[in-house]
Amino acid sequence: MTPLWKLEKSLPTGSPFEEGARHDVVIVGAGITGLTTAVMLTRAGLDVAVIDAGGIAELATGANTGKLSLLQGSRLATIRRHHPASLVRAYVDANRSGMEWLTAFAESADVPFTRHTDHSYAQGPDGAGDVRDQHDAAREAGLPTRMLAATTVPSTPFPVAAAVALDDQIAIDPVAVTVALAHELLSAGGALHIGVRATGTRALPGRVDTTAGPIFADHIVLATGTPITDRGLYFAKTHGLRSYCVSFRVPGDVPAGMFLSVDGPTRSVRPVSAADGPGGEAQLVVGGNGHPVGRSDSEKAAVEDLVAWTQLHFPGAEETHRWSAQDYESHNLIPFVGAMPRGLGRIRFATGYAKWGLSNAPAAAQRLTAEILGTPWRDRPTWMTTIGTRMTMPADLGRGAVEGGKVAAALAGGWTDAESRSVPVAKPAEGEGVVANRGGRPVGVSTVHGVTRAVSAVCTHLGGVLEWNDAECTWDCPLHASRFAADGTRIEGPAVKDLSRLPRSGRE
């Protein structure tokens, strides 16, 4: 599943890794958060190294829809429902600051983008109230949104019962802008080490342990989607969400703006042109059908549903690429950014963008940079101080408790399902996987590209029983959203260790 944005890209090869090297700052993660932070800090004169187990824009950054918008579906209304207006305004101002920084960078780096009117819309009459709530929250937060009745929405081939619109939002190739950030980092003398996996951190001395040896710094930033350390228990304060995208060639016209539904099943629609993406490959990206990681009857069916919906409303649409991405939402709905508890002021992190990383990530980078540079609170923007001193609300605790209950149910259900199957099991068909019981332990057996493998089906982070992802042929953990390849290699999430590889049967 290769994202549209990664076609024919020449990605930076990075710098040779030097075991034991010391820098002012080491950043783990070469996505939009890690590289915007690195660029800001190198511009301030610091010596920065970025490491990543994969490559540039390997995960969420390289697999999103490329929307850079302050409207964000129904998100503002959802935050406002449980928090004061001042926090919603601060969230909007943070995202505006992030958007302004990224678009200014894109212009300076000759990364093209286009401006569109973004729409949060209701697919049916039951969602009209949510559209109104989003409009009210946005206006209260200072955004010049406007309500549109169904008859005044720009012509779309899919049903729109009501919509709220915000002009001058951005469509951009997320990989192109991330690659440009990497080039600036390297040209400024920064280090970029790809294919180097971080396995742990230590506050004293400031140290990141990796598969290639340790690297040292005065400051460490974890820009890894979710922190790869249990300090602060942020794996329990966020939940991982997966969603899907498909790109299409479309014989007719595509919508003039960007669209995101406020009611389900989620539908995200954006046009693509040579000015904001790989020209000629596709004219339309459709996304949606999100769900918690490891909790889907069939990820493949979720993708096929997007294809069917698109071909229904855009006759003749031809699929070009399909992909999915993972991001994390905090239980209090605002990203967590700042110093890691018990990190002695040396370890910082950012997580909880809830799929809006193109604006939240540069805003997080601004906060991280201000902290590392020691910018006085009085000199920081109001949005930064407001978010940095927010209070946890009762509803936040309630959402955390509900999510914790779902996690516990998933954990118990996984063990029950595993216990109900006894080995030996039939060889799975191509692209299929099954969790079976072997000596009282769950074992994952799968067949991918003609190779049948067995791995431990117990997540290496807190022991959740894994579920097979039939769209991407991966083992996904419903407990805290870690993911592993069919051969057990760790892909993402709070886990840092691979799954144990096992013989295909208990007798081998």
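The model is predicted, so local features need pLDDT of at least 70 and side-chain atom pairs count only at pLDDT 80 or more, while totals for chains, interfaces and linings use all residues. Residues are numbered from 1 along each chain as its sequence is written, and side-chain values use heavy atoms, with hydrogens and water left out.

**Cavity**

- The structure holds one cavity of 30 Å³ or more (a set of points on a 1 Å grid over the protein atoms alone where a 1.4 Å probe fits but cannot get out).
- The largest cavity contains about 80 Å³ of space, the volume being the space filled by probe spheres set on the points, which are joined across faces, edges and corners.
- Its lining (residues with an atom within 4 Å of a point) has 13 residues, and Ala-94, Pro-335, Asn-360, Ala-363 and Arg-367 lie nearest the centre.
- Two or more lining residues come from each of α3 (85-108), α7 (357-373) and α8 (382-388) (helices are DSSP runs of H or I, at least four residues, numbered from the N terminus).
- Helix α7 gives the largest share of this lining, four residues.

**Thr-474**

- Thr-474 lies in strand β22, residues 474-476 (a strand is a DSSP run of E, at least two residues).
- Thr-474 is buried, with a relative accessible area of 5% (buried means under 20%, with a 1.4 Å probe and protein chains only).
- Not counting residues up to four places away in sequence, Thr-474 touches Glu-467, Trp-468, Asn-469, Arg-483, Phe-484 and Ile-491 (heavy atoms within 4.5 Å).

How values were computed. On a 1 Å grid over the protein atoms alone, a cavity is a set of points where a 1.4 Å probe fits but cannot get out, and a pocket is an open set with protein on both sides within 12 Å along at least five of seven lines; lining residues have an atom within 4 Å of a point. Buried means under 20% relative accessible area, exposed over 50%, partly exposed in between (1.4 Å probe, protein chains only).
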